[in-house]
Every structure is written in C-alpha cells, then in structure tokens.
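Dear colleague,

I am passing on the structure we spoke about, with the sequence alongside. Please have it open while you read the notes that come after it.

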Amino acid sequence: LDHLPSAWARHEIRMLQWQPRHTHDADPRSNQQRLAGADGPGSDLHAGFVVARELSSQHVPLVFTLWRPGAPFFVAEDQALARGTIAPEEWGCLLDAMVDYAVYAKQKYGAEPALISLNESDSGVDVKLAPEEEHRFVLEMGARLAQAGLQTKVLLGDISALQRGPK
C-alpha cells in the first residue's frame, strides 16, 4: 500500500459469514455477538476487517457495500435465489445489520467507512430497489448511521445504469 496511490477502497459487508438478525430469527444473540463469534483468525470476515484497518490507517476512505444479505431478508418468492426484493418486514433488520457491521468495524478495527451502499440496486444484481425504496434506504440509513454516532454517509449512485425507463 505504501507504493500504491489509493483514492478509495471498497469493502464487502459480508453478511453471509455472520448471519445477522432477521424478523423470524429464533437466535437471541445480537448482531455484535454474531460478528464477534464469526470474526476469528483465518476467517474471511476477519481478513476483510484487517484489510479495512490497514487501509484506514493509510487514510484511504472506505466504502462499505452490501451485495448479498442472505435469503431470510428477501420476499418469499425470491428466497430460493437469495436475490431480489427485500421483504417489507425485514427492512429494519437489514439496515440495523449494516449499521452494526460499520460500528463493529470502527470499534474493533478502527475502520469507519466514509460511505455505505447497496451494490447496483437499480438493476438488482442481488438486491433490487424501486426508486421509492432507494429513497427510503437513503433516508432511513442516514438517520440510523447518525444515531449510531457514525460519520458515515450513504453513497448515492452505486448503480449500473445512468438512467431508468422503459426498455
């Protein structure tokens, strides 16, 4: 890193590796407890946090991005594919999980993201958002980040196309 000029770095929010809480979850552990339990030496989760810490120590701004939240967060017809539309009752849990991940990274590794996003949610690579849902995501995520004491902002424009409309 000392010889590589880096303006920004992207880091995956690895939800599949720690299974955050969702609405129908019987496991009483908090997201922070789940993260701590999955964040062991040799795990991909730990390796990602170590890289985020190193980048942060080099003053490289981080973008934390969620690609795959996991099947329980999707509407019933999308659960088999584990991609598609987020179930309305899971929105709060999804946003909490993303914020809890950022808080954990900051507290344990000193790596606070500058920005947070859902990957290409306009085309639905893994999570598909309608324009109204994108608006809701920005407003609710921004409020939750601030409430958690993070300086992190929501990335506008983590999209695959510059315009939407009839095809």
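This is a predicted model: local features need pLDDT of at least 70, side-chain atom pairs count only at pLDDT 80 or more; totals for chains, interfaces and linings use all residues.

Residues are numbered from 1 along each chain as its sequence is written, and side-chain values use heavy atoms, with hydrogens and water left out.

I begin with the sheet. Four strands form an open sheet in the order β1-β2-β3-β4, with parallel pairing; strands (E, at least two residues) and helices (H or I, at least four) are DSSP runs numbered from the N terminus, and two strands pair if DSSP finds at least two bridges between them. The edges are taken by β1 (9-12) and β4 (153-154), each of which has a single partner strand, so one side of each is left without a neighbour in the sheet. Between β1 and β2 there are four bridges in the parallel sense, and Ala-9 has Leu-62 in β2 as its bridge partner. Helix α3 lies across β1, β2 and β3 and runs at about 145 degrees to β2, where axes are lines fitted to C-alpha atoms, for helices over the stretch in contact (heavy atoms within 4.5 Å), and angles run from 0 to 180 degrees between N-to-C directions.

Leaving aside residues up to four places away in sequence, Met-98 touches Ile-13, Met-15, Leu-66, Ile-116, Ser-117, Leu-118, Phe-137 and Met-141.

Finally, the whole structure holds seven aromatic pairs, counted when ring centres of Phe, Tyr or Trp (its six-membered ring) lie within 6.5 Å, with planes under 30 degrees apart called stacked, over 60 edge-to-face and the rest tilted. Phe-64 and Tyr-101 are edge-to-face, at 5.7 Å centre to centre and 75 degrees between the planes; Phe-64 lies in strand β2 and Tyr-101 in helix α3, so this pair ties together parts that are 37 residues apart in sequence. Phe-64 is buried (under 20% relative accessible area, against over 50% for exposed and partly exposed in between, with a 1.4 Å probe and protein chains only), at 0% relative accessibility, and Tyr-101 is buried with a relative accessible area of 0%.
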